[in-house]
Amino acid sequence: MSALLEIEDLRTHFFTTAGVVKAVNGISYDVQKGETVAIVGESGCGKSVSALSVLGLIPNPPGRIVGGAIRFLGDDLIKLDDLQIRNIRGRQIGMIFQEPMTSLNPVLTIGLQLTETMEHHLGMDRADAEKKAVEYLRLVGISEPERRIRQYPHHLSGGMRQRVMIAMALCCEPKLIIADEPTTALDVTIQAQILELMKNLTKRMGVALIIITHNLGVVARYADRVNVMYAGKIIERGLAADIYREPRHPYTLGLLSSVPRLDQPRQKRLDPIDGQPPDLTRLGAGCSFLPRCKFAVDKCASEIPPLETVGNGHLSACWEKENLEMVKG
Amino acid sequence: MIPDASALESDAQYSRNSELGDVLVDVKGLKMHFPITEGIIFNKLVGLVKAVDGVDFHIRRGETLGLVGESGCGKTTTGRCILQLERPTEGEIFFEGADLTKLDQVALREYRQKIQVIFQDPYSSLNPRMKIGEMIDEPMYVHGIEPDARKRKQRINELLSVCGLNPKMADRYPHEMSGGQRQRVGIARALSLRPEFIICDEPVSALDVSIQAQIINLLEDLREEYNLTYLFIAHDLSVVRHLCHRVAVMYLGRIVELADCDELYENPMHPYTRALLSAVPVPDPEVEQGRDVSFVAGEVPSPINPPPGCVFHPRCPIAVESCSQEVPELRELKPGHWVACSEV
């Protein structure tokens, strides 16, 4: 079975006056039909840019995809022109963004924003599209959908708007949905509702999901596979269970030990990762995590470690990946 | 985390014993209602936003009280009232025995020095046109802490290194720093006045995970070093559990549960607290897959028109009929464990 989405050596750089920002610097991953893949990392690691690249939404200038391939159902999305990609974006690939406050158009009704997509992509007429919009709003748990489609985004709360975004992403029955920090702006109880909804709907409709987040708890609950990004590269990949049980990259290890956990006894102190994330315009010759790494050896300063297998479907980009366990213990 | 722990040892003011002492802050019946008006020339009162609607708690010296709740529950407003950035509609706020709500601006100045704040957003809480050093210098100058500019300079360097920054950063501007570094500047600025009480309003929620842990450790070190007292306002329950001695859970302007930290997390009694705790995913797939989650339905109602009776009853899984009529009192069900629910 070939993958639904296959990204190969993608490089997206931003050409700014301060220098070339290598936001995404050679990443490869794939998404199979119906699975949930998480991309985890901290701000500035390139996780959003990698998703925007898939959708052809990189602002140009200053940004440009300088290399690689994004194969979706066999087509290379990078080679498509604007018109062709527009027929895929929203139709085959849905999107859910972080800010439910800004991702809806404030001067159009909810109904119009939903029907517009369906009229454009599915060639429906207004009446049919409206019927379908009501159906989808009910599906995502919005009460009185007949009344809601006449309302404007400012009538709705943040959680409701995110539900509308989900309805919009689903309404053309896409094969893949990219959710960029879908619940970061929401409260915990609402976050739980929205994530559970997304999980159930994508599972029921067989839609693959790329979920981009910095929240390790969200990943643990909802993702099948995980890609951990740092400084524009994927530094670890594997099944969620494997990555959490046995992280094989010092950064993942550091991330996991730096969050306090509710299910474990209180620790005396947290164990943070020292230092700051690197400046993406001035990346050194070696591993970009080197300045913050507790396990570094001489080789790390001169050679960039490749992403290599450490186990069944588990990959890590670290020269010391085999030796982390000992030092940790 | 403190690179030079002895840097401020000369300050005799800071050498207190680290046990929990007397009650430092005592908030009684605090209410903060914001008016909603209509019309441009003739302002007509059309409603009230009951941001804080009757809150009582106290904080002992050396203690960290966590104030948790979702957005709009009034936790930040409570903090602003203690700071006297808002004049509360009703209620009393005692600090070292003096009622802050009764003091005028001149009398308050003495207390403003003792009560400091660390804000959530390290990007908007620093003046982009001032150098880091100037920002830490200004409060000391205004409050006349150190009239000698040279000594102030020395103290700025000390404060920066205590907060884990290179003293050379004093000549930088905020835009040259990362989020975590800026938050350290905010902490150094709060410390510059030798405060006794610091209100931390979501100090780590804008930061990345790896940086969050650094700042949490720094706050803990500073508390021990200078016997500070914190009011820690946050929505992240795992961070609150890590840092706080006692925790108060707020919902729609009221405290619904208040208990010692371990007691609250091990034995939550209020249905809202339970729902909150259950909604937090644990970073471990094995735990998560098998975990039974009880999600609370619905959304937080508007504080303009809160539901009658218990404010949580429309979302509550164990609500009975009387919940929509009677406001439950905060009752002490176990020593030190207060719950505002008639059904537990």
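Below are my entries on this structure, which is a predicted model.

**Entry 1: cis peptides**
I started with omega. The bond joining A:Asn60 and A:Pro61 is cis, with omega at about -10 degrees. I stepped along and found another cis bond, joining A:Pro61 and A:Pro62, with omega at about 5 degrees. I noted for context that most peptide bonds are trans. Where does A:Pro61 lie? I placed A:Pro61 in the loop between helix H1 (47–54) and strand E4 (63–72) of chain A. A:Pro62 is found in the loop between H1 and E4 too.

**Entry 2: positive phi**
Next I went through phi, keeping in mind that most residues other than glycine have a negative one. A:Glu173 is not a glycine, yet its phi is positive at about 50 degrees. A:Glu173 lies in the loop between helix H6 (158–170) and strand E7 (176–180) of chain A. In chain B I picked out B:Glu202, again not a glycine, with a positive phi near 50 degrees. B:Glu202 is in the loop that runs between strand E7 (197–201) and helix H6 (209–226) of chain B.

Is B:Glu202 buried or exposed? I get a relative accessible area of 7% for B:Glu202, so it counts as buried, the cut-off being under 20%. A:Glu173 comes out at 47%, so I logged A:Glu173 as partly exposed.

**Entry 3: a loop glutamate**
I also looked up A:Glu144, which sits in the loop between helix H4 (126–139) and helix H5 (145–148) of chain A. Its relative accessible area is 44%, so A:Glu144 is partly exposed. I checked A:Glu144 against A:Val134: they are 10 residues apart in sequence and 8.8 Å apart in space, C-alpha to C-alpha.

I followed up on A:Val20, which belongs to strand E2 (residues 19–31) of chain A. A:Val20 has 33% relative accessibility, so it is partly exposed.

**Entry 4: cavities**
I counted 10 cavities of 30 Å³ or more. The largest cavity holds about 80 Å³. It is lined by 13 residues, and the closest to its centre are A:Cys287, A:Cys293, A:Ala296, A:Cys300 and A:Cys318. I sorted the lining of the largest cavity by type and got 11 nonpolar residues, one polar and one charged.

Note on methods: Residues numbered from 1 in each chain as written. Chains lettered and ligands numbered in written order. Predicted model: local features only at pLDDT ≥ 70, side-chain atom pairs only at ≥ 80, totals over all residues. Heavy atoms only, no water. Helix = DSSP H or I, 4+ residues; strand = E, 2+ residues; numbered from the N terminus. Buried < 20%, exposed > 50% of the residue type's maximum accessible area, 1.4 Å probe, protein only. 1 Å grid on protein atoms, 1.4 Å probe; cavity = no way out; pocket = protein on both sides within 12 Å on 5 of 7 lines; lining within 4 Å. Points joined across faces, edges and corners; volume = space filled by probe spheres on them. Nonpolar A, V, L, I, M, F, W, Y, C, P; charged D, E, K, R; others polar.
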